[in-house]
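Subject: Structure handover

Hello,

Here is the structure I promised to pass on. Please open it first, then read my notes below.

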Amino acid sequence: MEQINECKCGNKAVFNHHGKGYCGSWSALGVCNLFGYCKVKKTHSPELKRFWKKLDKLYGGKQK
Ligand SMILES: [Zn+2]
């Protein structure tokens, strides 16, 4: 897979996910779920958004 060296914000990419570079990474539920995250633009990868939706469905918003 091609290595992306630059995040879309211009910073050095430390994490590659599905052909996109991110200057940060976000781990959810431990290290088994790693997602790309841009610290400057504060954007999550589409995969992470999908993951949150999945969590929402799992817990049905009734966590309180
Ligand atoms: Zn970035």
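Strand β3 (residues 24-28) and strand β4 (residues 33-38) form an antiparallel pair with 5 bridges. Two strands count as paired if DSSP finds at least two bridges between them. Strands themselves are DSSP runs of E with at least two residues; helices are runs of H or I with at least four; both are numbered from the N terminus. In this pair, Ala 28 has Asn 33 of β4 as its bridge partner.

A word on the basis. This is a predicted model: local features need pLDDT of at least 70, side-chain atom pairs count only at pLDDT 80 or more, and totals for chains, interfaces and linings use all residues. Residues are numbered from 1 along each chain as its sequence is written.

How confident is the predictor in the protein chain? The average pLDDT is 83, and 86% of the residues score at least 70. pLDDT is the predictor's confidence in each residue, from 0 to 100. By element, the mean pLDDT is lowest in β5 (82) and highest in β2 (90).

The sheet

The protein chain has 1 helix and 5 strands. Starting at the N terminus, the order is β-β-β-β-β-α.

β4 also pairs with strand β5 (residues 43-44), again in the antiparallel sense, over 2 bridges. Cys 38 is bridged to Thr 43 of β5. Tyr 37 is bridged to His 44 of β5. Together, 3 strands make an open, antiparallel sheet in the order β3-β4-β5. β3 and β5 are its edge strands, and each pairs on one side only.

Helix α1 (residues 46-59) packs on this sheet and touches β3, β4 and β5. Its direction makes about 125° with that of β4. Such angles run from 0 to 180 degrees between N-to-C directions, with axes fitted to C-alpha atoms, for helices over the stretch in contact. Contact between two residues means that their C-beta atoms, placed from the backbone, lie within 7 Å.

The helix

α1 has 14 residues and spans 20 Å from its first C-alpha to its last. That is close to the 20 Å expected at 1.5 Å a residue. The expected span is 1.5 Å times one less than the number of residues. α1 is hardly covered, with 0 buried residues among its 14. After α1 comes Gly 60, with a positive phi near 60°.

The core

Which residues make up the largest nonpolar core? There are 7 residues in it: Cys 7, Ala 13, Tyr 22, Cys 23, Phe 35, Tyr 37 and Cys 38. β4 gives the largest share, 3 residues. A nonpolar core is a set of buried Ala, Val, Leu, Ile, Met, Phe, Trp, Tyr and Cys residues joined through C-beta atoms within 7 Å. A residue is buried if 20 or more other C-beta atoms lie within 10 Å of its own, exposed if 12 or fewer, and partly exposed in between. Of the 64 residues in the protein chain, 16% are buried.

Tyr 37 has contacts beyond four places in sequence with Tyr 22, Gly 24, Ser 25, Trp 26 and His 44. For the protein chain, take contacts between residues at least 6 apart in sequence: 14% of them join residues at least 24 apart.

Loops and the N-terminal segment

Most residues other than glycine have a negative phi. Two loop residues are worth a look here.

His 18 lies in the loop between β1 and β2 (20-22). It is not a glycine, yet its phi is positive, about 50°. His 18 counts as exposed because it has 9 C-beta neighbours inside 10 Å.

Lys 42 sits in the loop between β4 and β5. The hairpin of these strands has 4 residues between them, and Lys 42 takes a positive phi near 55°. Is Lys 42 buried or exposed? It is exposed, because it has 9 C-beta neighbours inside 10 Å.

Asn 5 belongs to the segment before β1 (15-17). With 10 C-beta neighbours inside 10 Å, Asn 5 is exposed too. Leaving out residues up to four places away in sequence, Asn 5 touches Lys 12, Ala 13 and Gly 21. Asn 5 and Gly 21 are 16 residues apart along the chain, with 6.5 Å between their C-alpha atoms.

Best wishes
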